[in-house]
Amino acid sequence: MTIKEVAEKYDISADTLRYYERVGMIPKVTRRPNGIRDYQESDLGWVELAICMRSAGLPIEVMIEYVKLYKEGDNTIPARLELLQEQMNALKEQKAQIESTVERLAYKISKYEEAMETGVLVWDERGDCHD
């Protein structure tokens with residue numbers, strides 16, 4: 001696939017794909033003899049991984065480190081595993097924080113909805129931040 005086709009397939013810009021490759025977030029893409037990028041299935045797998053990891057908020061540096069370790073071979077499997085486990089733990093922590101915020105907002109919304117019906121805004125004694 002050409003870079004244009006890949007960009008359209010994943011709804012990202014060709015510049016983003018070039019950036020991912022240039023900084024090492026994905027390994028060097030297969031090229032034709034004339035130097036034009038020719039994305040193969042293995043290249044697309046790396047693009048998908050990069051998009052997925054970025055959408056989850058993983059730092060670019062983590063992806064770069066992962067690709068670097070991958071290129072060094074199977075002797076880096078323990079280091080890659082540790083890197084992925086650290087990122088999983090960070091995501092779980094972020095998820096817990098998001099869930100807590102969602103609960104707080106749901107509470108506030110329910111109180112405002114009650115106030116719309118009753119004309120009175122009343123907060124429970126739960127120690128939440130109020131307006």
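Where is the place of R37? I found R37 in the loop between helix 2 and helix 3, helices being DSSP runs of H or I with at least four residues, numbered from the N terminus. I noted that this is a predicted model, in which local features need pLDDT of at least 70, side-chain atom pairs count only at pLDDT 80 or more, and totals for chains, interfaces and linings use all residues. Residues are numbered from 1 along each chain as its sequence is written, and side-chain values use heavy atoms, with hydrogens and water left out.

I looked up burial next: R37 counts as buried because its relative accessibility is 18%, where buried means under 20% relative accessible area and exposed over 50%, with partly exposed in between (1.4 Å probe, protein chains only). The R37 side chain makes a polar contact with the side chain of E21 at 2.6 Å (N or O atoms within 3.5 Å, one able to donate a hydrogen and the other to accept it; residues adjacent in sequence count only if both atoms are side-chain atoms).

I then turned to helix 4, where V62, M63, Y66, V67 and L69 are buried. These residues cover an arc of only 165 degrees around the axis (taken from the directions from the helix axis to the C-beta atoms), which puts them on the same side of helix 4. They pack against helix 3 (41–55) and helix 5 (77–118), whereas the face turned away carries the exposed E61 and K71.

Finally, I checked I26, which is among the residues with the most contacts inside the largest nonpolar core, a set of 23 residues (buried Ala, Val, Leu, Ile, Met, Phe, Trp, Tyr and Cys joined through side-chain atoms within 4.5 Å).

Definitions and conventions: Helix = DSSP H or I, 4+ residues; strand = E, 2+ residues; numbered from the N terminus. Contact = heavy atoms within 4.5 Å.
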